[in-house]
Structure formats: C-alpha cells, structure tokens
Amino acid sequence: MTAKEYLSQAKQLNDAVNKLLNDRDYWRDLSKKVSGSNFEEHFNSNRTSEAPFVRCLDRIDEIERDIDRKVSALVDLRTEINKAIDTLADFREQLVLRCRYLDGCSWEKTARVMAVSIRTAHRIHEKALKHFSIPE
C-alpha cells in the first residue's frame, strides 16, 4: 500500500458512512409512508401479517449498527493517521497532508490555508508523501 492509498482510507470510510446515513434517511422516510388499503375477499395464507413498516424498521436498525461500526473504525483510523502525520519533521508537510486527506480540502483551499501557490502545495505534497511512513 502506498502512502497516498493509506491516507485516502479516511475519506473512503467517511464517504461510506455518509452513504449509510443517506440510506438510513431513505428507509426512515419510507417507514413513515402510509400504504394503501388492500381489502381481500379471501384469506391468503401466503401473505405476511407483519405491517410493512416493520421491514423498514429492521433495515434502519441494521444500517444504524453498520454506521456505528464504521464511525468507530473512522475515529480510530483518523487518530492513527494523525499520529503518523505528526512524525513528519516539516510542519508544512504535515499541514498539506491534513488538509488534503483529513479535511478533504481542494488544492485551491489547501494552497490558500498554507499561503502558497497551488504548484508549491503540490510540491510540498509530493515531498510529504515521500517522507511519510505507513504505520505497521
């Protein structure tokens, strides 16, 4: 695994959490919708007697447990990445890695935060990746 791949894990995990949050919201909205009446003349033994929203609630519960697991993993990963970034000797290298991989800043914003040109931010980033050591 390269330094860039290692550092990118936090964003990927954060994106996964956001996707799950959107899924949970979808299922919550769906569970609140009232389904139309379905009058049957005959008893249907194959039809479930469970209310339709119960399946939605089960899915919401499953998603929330998955969110909790992923958020816990994200907190641990971000802590690990922060500690690894702290080992870099150059403060500017630390700053560029934090901006790009932990804060999700664009190159423009990263350069602005660092008070350098975008090209200089790229050069510092390249050096930082060369000096960065992936934790064992």
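**View 1. Ala-115 sits in the loop between helix 4 (107-114) and helix 5.**
This close-up comes from a predicted model. Ala-115 is not a glycine, yet its phi is positive, at about 60 degrees. Ala-115 counts as exposed because its relative accessibility is 69%, and the cut-off for exposed is over 50%. Ser-117 belongs to the loop between helix 4 and helix 5 as well. With a relative accessible area of 38%, Ser-117 is partly exposed. A distance can be drawn from Ser-117 to Trp-107: their C-alpha atoms are 9.4 Å apart. Along the chain, 10 residues separate Ser-117 and Trp-107.

**View 2. The whole protein chain contains five helices and zero strands.**
Read from the N terminus, the order of elements is α-α-α-α-α. The protein chain has 136 residues, and 29% of them count as buried. Its accessible surface is about 9700 Å². Carbon and sulfur atoms hold 50% of that surface.

**View 3. A patch of positive charge on the surface brings together Arg-92, Arg-119, Arg-123 and Lys-127.**
Which helix gives the most to the positive patch? Helix 5 does, with three residues. This helix covers residues 118-131. Arg-119 is one of the patch residues, and Arg-119 lies in helix 5. Is Arg-119 buried or exposed? Arg-119 counts as exposed, because its relative accessibility is 63%.

**View 4. His-125 is a buried residue of helix 5.**
The focus stays on helix 5, where His-125 is found. His-125 counts as buried because its relative accessibility is 6%, and buried means under 20%. Arg-119, in contrast, counts as exposed at 63%. What does His-125 touch, leaving out residues up to four places away in sequence? The list is Val-96, Leu-97, Arg-100, Tyr-101 and Trp-107.

**View 5. Arg-24 is a buried residue of helix 1.**
Helix 1 spans residues 3-32, and Arg-24 lies within it. At 17% relative accessibility, Arg-24 counts as buried. The cut-off for buried is under 20%. Which residues are in contact with Arg-24, once neighbours within four places in sequence are left aside? They are Ile-60, Ile-63, Glu-64 and Ile-67.

**View 6. Asp-66 forms salt bridges with Arg-69 and Lys-70.**
Two bridges meet at Asp-66. In the bridge between Asp-66 and Arg-69, the closest N and O atoms are 3.5 Å apart. In the bridge between Lys-70 and Asp-66, the closest N and O atoms are 3.2 Å apart. Why are Asp-66 and Arg-69 separated by about one helical turn? They are three residues apart in helix 2 (residues 52-86), so about one turn lies between them. Lys-70 and Asp-66 are four residues apart in helix 2, which again means about one helical turn. The cover differs along this stretch. Arg-69 is exposed, with a relative accessible area of 52%. Lys-70 is partly exposed, with a relative accessible area of 24%.

**View 7. A salt bridge joins Asp-86 to Arg-98.**
The closest N and O atoms of this pair are 2.4 Å apart. Which parts of the chain does the pair link? Asp-86 is in helix 2 and Arg-98 is in helix 3 (residues 91-102), so the pair connects distant parts of the chain, 12 residues apart. Asp-86 counts as partly exposed, at 47% relative accessibility. Elsewhere, Asp-66, Arg-69 and Lys-70 form one network, joined by salt bridges that share partners.

Conventions. Residues are numbered from 1 along each chain as its sequence is written. This is a predicted model: local features need pLDDT of at least 70, side-chain atom pairs count only at pLDDT 80 or more; totals for chains, interfaces and linings use all residues. Side-chain values use heavy atoms; hydrogens and water are left out. Patches are made of residues with over 30% relative accessible area and no salt bridge: like charges are joined within 9 Å, nonpolar side chains (Val, Leu, Ile, Met, Phe, Trp, Tyr) within 5 Å. Accessible areas come from the Shrake-Rupley method with a 1.4 Å probe; for residues, only the protein chains shown count as cover. A salt bridge is a side-chain nitrogen of Lys or Arg within 4 Å of a carboxyl oxygen of Asp or Glu. Lys and Arg count as positive and Asp and Glu as negative; His and the chain ends are not counted. The place of a charge is taken as NZ of Lys, CZ of Arg, CG of Asp or CD of Glu. Helices (H or I, at least four residues) and strands (E, at least two) are DSSP runs, numbered from the N terminus. Buried means under 20% relative accessible area, exposed over 50%, partly exposed in between (1.4 Å probe, protein chains only). Contact means heavy atoms within 4.5 Å.
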